[in-house]
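This briefing is meant for a reader who is meeting the structure for the first time. It moves through a few topics in turn, and each can be followed in the display below.

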Amino acid sequence: MMWKLIQLSSLLLGSLASPTPASTREDGTCRIHNSGRSADCVGRQLTAVPRLPSTLEYVDLSYNNLQAVHADDFLRLPLLRILQLQFNNISHIHTDAFKHNPLLESLNVFNNSLEEIPAGALTPLSDLKQLDMSNNLYKHATLAESFSKLVKLQVLSMGGPLVMGLKKADFLPLKNIRLQSFAIKCSSNLSYYEPGSLEVIRTKQMGFDMALDQRPGALVHMLHDITNNNFSVIQFRNLFEYMYYTGEEDIFQGLKDINALQLIIHRGKFNEHLLRMALMNLQIGLIRRLRVQYIDFARSPTFSDTGASSRITNLTIDRLDLWYISNPDVLRFDWRFTWFNKIKQLSIRYVYFNYVPCDSWVEMEGVELLDISYCRLQSGYIFNQRCENKGTMPNLHTFNASSNELTSLRDLSVLTSDFRQLKVLDVSNNKLGSAEESRDCVWTNITRLIAHHNQFVTEALLCLPTTVQYLDLSHCDLDQLDTTFFERATDLRELLLSGNKIKFIPSKWTSPHLQFLALDGNSFGLISKASFQGMPELSGLRAGNNPYHCTCELHAFVQETISQGTVNLTDWPWNYRCYHPEAFLNTFVSQYLPSRVACDMKLVILISVATTAAVILILMLICYIFDLPWYTKATYQIIRAKYRAHKEKAAGEMGTFTYHAFISYSHADADWVRDQLLPCLENNRNPYRLCIHERDFMPGRWIIDNIIENIENSRKSIFVLSRHFVNSDWCNYELYFAQQRAMGKTFSDVILVVKEPIDPSSLPSKYCRLKKMLSTKTYLEWPQQVSQQPFFWEQLRSVLGKPTMTGDGGQSVQSRTSSVSVIRCPQEDSGAKVVKCNQEDINFMERNNNKLSNPRTQIPLVAYVIAANGVPVKSRVTSTRESLTQLAVKPCILCSSPYIAAQAAVQQQESSRGGRHSGRPAHRTETMSGHLQEAMTSLIGVFHSYSGQEGDKYKLNKRELKCLLKQELSDLLSASKDPMVVERIMSELDENQDGEVDFQEFVVLVAALTVACNDFFIDCEKSGLEGSKKK
């Protein structure tokens, strides 16, 4: 220990002479640092001192292979103050080696091969303070007279394994020098010791490294020689290196007269006899502290317990340290623990015992501090339930059980609950904190608990004493805190939670008297002013080394904490860094300076409210200018109408496309529509199917639904524009819906007819799209001159296109009841090639009257004319279907019964096939009279004569229909060049797509062909009359 102190002081001076390096560079084999004042040449395998800069003050050449120190080795180092030469192989130091180093204060030549003390080389060193020349090979410890000049010498260590003894004159040059530390090392086989050899030594610390196996009596003289000094520390090293002392002489008798603060016995062989001998003298001496460490303790086979006389019962010292002793029997070397009775501080470290007898607690009644750390203790070792501990350890104030293997807080609390004066408990570096072993705890009034480096769960906090004022739970793997414990621990002043895994700080953390809090090295990233509102007396906070989220809340907390100064951030600012967001990674929190707008919530709210109000005002202004509420209402009505249409469609009400055009007009323009528009478009040979609200809207339905449905079912929309139209809300709705329908398709579906001049700029704002259409789209203008009106109608028809049929099952426009007046309109151009019959054609027809008068021959001729003129059969069928069906569905009205009528028709057909080919039937039935009834009867009979051949007798299949057409309308089939004519007719007639033609569908075909024939004869007659007039 003494040599360690000497080396430590040497290193301390070296460190004081070598402040933190400002610059570092390599100079050959040494590292030059500390601005050129220090050289590190340690362990470079040097055999000679290298050339070094003259500015050096500290040189370390230890652990090399230097053989000698020459006169010029340190010639160029006049500023040298500290020189480290230990652990080399130096056997000689030149007399002038340090002649040019007058400032040298510390010289270390420990563990070299010097054969003599280098007195001549040390003579010039008047400022020398530390000299370590021990563990060399010189044989005598005699100092030269020149050592008396080293008046500043404070630390001296000398001797070696070849020094066989000490003489009285060896240390005379030191009689006038007051040392701080002196250590002497002699051979392990001390041969001689002259009494009085150490009398001249005046020092505070004395160290002996010598074995007294052969001369144990020399210890008596040594202790006598140092009696008159006051020592802080006396250390004996290896007193007995090879054997245990068994002599009867009390070699420690001089201890009772030694005035020293501490006695250290380091290494050596001790038995209970030698230990008892030392303790008997100590209990009547002045030494206040004893440390026994690293000794080899063994019981003597001849030891006998003589009873009370052998006990150590009055060892009144302040502190006893028993460290690093392999045999735990040393604790009760005399089979009792009575020697602990009056010791105030007892420290037992690295003594591995696995059992604590009950009487040990009883005997330590004077112990105020008990340290049993580093002893591998388990909970069951120190807590014995069979022991009655009540009233034991009455003076124990501090109990240190750290660095063991304790696992049970419950057992520890029960053990210490009987220590009524216990205030400080150190259980750090154990295995405490499990939930199972942390229940039903009972503590005494502990005020300071040190429990760092354990494995606490959150529930274990409730097992801690609530009387603590200081609590250290650092590095305990805590991931969250139970604030219930802190609410109960009302006296808590200082709390250390460093190095845990705490992810957040509880918002309702209350600790009314907490003054210092350590939260550094955890895992939380958010901290705010609200986090510590429940700690009004908090004055110190250490919260660095956490993964902080740099937010406005953190910035506000730091700014307020620093500005107010009520809480001191002890590790600010270097341990506070940003880990989130990524842009601020590793940025110091002190350099995170967000803008005021980003952090001032009141300002943000004010700006947000102002911005929102401005946006609302602008939107309201836009809505007012562009009449947005009206469009919103209209869109809502469209959505509602389409939803209702979807529901009706899902219920089976399938809508069809039935109109060529939807007419939108104001009520004030109704007369023009009824008297001008409708007659010229509907009352023609090829009429258009138009929709007007007065006639075609479904009664009982919503007006919006009627408008949308009819616009959807119309190919185009015609808007009659006038001043009245602009002032009508319903007209505006109809225009808007038509525009919405045209979106995504083409705006050619919207036709504008300007009935009277309108200035687009005078239109209201809600007609913004109409303004655009009037400015960019060609529209029709109604001429006031009668001569120009025919051209207007031709333009309108060209825009509407050919009036072809647009849907199945629709009602003919001609069949609708209308109150319009008929006016004369210009002849339309149907777009088909009309055959004009001249007089020659008429004569030709009269010559073939027998064929024309035959109903069977009329049909092929008419079909031929229709095919030649390009008029599709389907258009005629569709246009006349409804009216014909109404006449054909009830044949029983004209006949007495369906059976009689059918029989009559069959008989008529049979007689007709027998050779009667006149235009009239051969006879009439008793229930029918007149040509029309005969024709109806014939029609029924023809149908049923073919429908009953196969399958359903009331329907014609494809084969039956083909047979009927070949037999009854052979000229029609022969005139057609289409090989698929039967299939086409079948497809056109079969409305319900069941692959068969019923009587109703058959009558449609006959009616369409009959109408076509009638039109053909009328055209021919008119052509003949016009030809005769021209002639």
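**A buried serine**

With a relative accessibility of 8%, serine 531 counts as buried, and this reading, like the rest of the briefing, rests on a predicted model. Serine 531 is placed in the loop between strand S28 (516–518) and strand S29 (540–542). Leaving aside residues up to four places away in sequence, serine 531 touches Ile505, Pro506 and Trp509.

**The chain as a whole**

- The protein chain contains 29 helices and 39 strands, and buried residues make up 47% of its 1031 residues.
- Of the contacts in the protein chain between residues at least 6 apart in sequence, 66% join residues that are at least 24 apart.
- The accessible surface of the protein chain amounts to about 50,600 Å², and 53% of that surface belongs to carbon and sulfur atoms.

**Helix H26**

- Helix H26 covers residues 958–968, and within this helix Glu960, Leu961, Leu964, Leu965 and Glu968 are buried.
- When H26 is viewed down its axis, the buried residues fall within an arc of 135 degrees, so they line one face of the helix.
- Arg959 and Gln967, by contrast, are exposed on the other side of H26.
- At the start of H26, asparagine 957 brings a side-chain oxygen to within 3.2 Å of the backbone nitrogen of arginine 959.

**A nonpolar patch on the surface**

- Val615, Ile618, Leu619, Leu621, Ile622, Tyr624, Ile625 and Phe626 form a nonpolar patch on the surface, and together they have about 810 Å² of accessible area.
- Valine 615, one of the residues of this patch, is placed in helix H11, which covers residues 601–626.
- Valine 615 has a relative accessibility of 41% and therefore counts as partly exposed, because the partly exposed class lies between the buried limit of under 20% and the exposed limit of over 50%.

**Salt bridges**

- Side chains of opposite charge can pair when their charged atoms come close, and the structure holds 20 salt bridges.
- Aspartate 40 forms one of these salt bridges with arginine 31, where the closest N and O atoms are 3.6 Å apart, and arginine 31 is partly exposed, with a relative accessible area of 26%.
- Glutamate 57 pairs with arginine 81 in a salt bridge whose closest N and O atoms are 3.8 Å apart.
- Glutamate 57 lies in the loop between strand S3 (38–40) and strand S4 (58–60), while arginine 81 lies in the loop between strand S5 (68–69) and strand S6 (82–84), so this pair ties together parts that are 24 residues apart in sequence.
- The two partners fall into separate accessibility classes, since glutamate 57 counts as buried at 17% relative accessibility, whereas arginine 81 counts as partly exposed at 27%.
- Lysine 152 and aspartate 127 meet through their side chains in a salt bridge, with 2.9 Å from N to O.
- This pair links distant parts of the chain, 25 residues apart, with lysine 152 in the loop between strand S9 (130–132) and strand S10 (155–159), and aspartate 127 in the loop between helix H2 (119–122) and S9.
- Lysine 152 counts as partly exposed, at 41% relative accessibility.

Definitions and conventions:
Residues are numbered from 1 along each chain as its sequence is written. This is a predicted model: local features need pLDDT of at least 70, side-chain atom pairs count only at pLDDT 80 or more; totals for chains, interfaces and linings use all residues. Side-chain values use heavy atoms; hydrogens and water are left out. Buried means under 20% relative accessible area, exposed over 50%, partly exposed in between (1.4 Å probe, protein chains only). Helices (H or I, at least four residues) and strands (E, at least two) are DSSP runs, numbered from the N terminus. The arc is that of the directions from the helix axis to the C-beta atoms. A polar contact is a pair of N or O atoms within 3.5 Å; within protein, one must be able to donate a hydrogen and the other to accept it, and residues adjacent in sequence count only if both atoms are side-chain atoms. Patches are made of residues with over 30% relative accessible area and no salt bridge: like charges are joined within 9 Å, nonpolar side chains (Val, Leu, Ile, Met, Phe, Trp, Tyr) within 5 Å. Accessible areas come from the Shrake-Rupley method with a 1.4 Å probe; for residues, only the protein chains shown count as cover. A salt bridge is a side-chain nitrogen of Lys or Arg within 4 Å of a carboxyl oxygen of Asp or Glu. Contact means heavy atoms within 4.5 Å.
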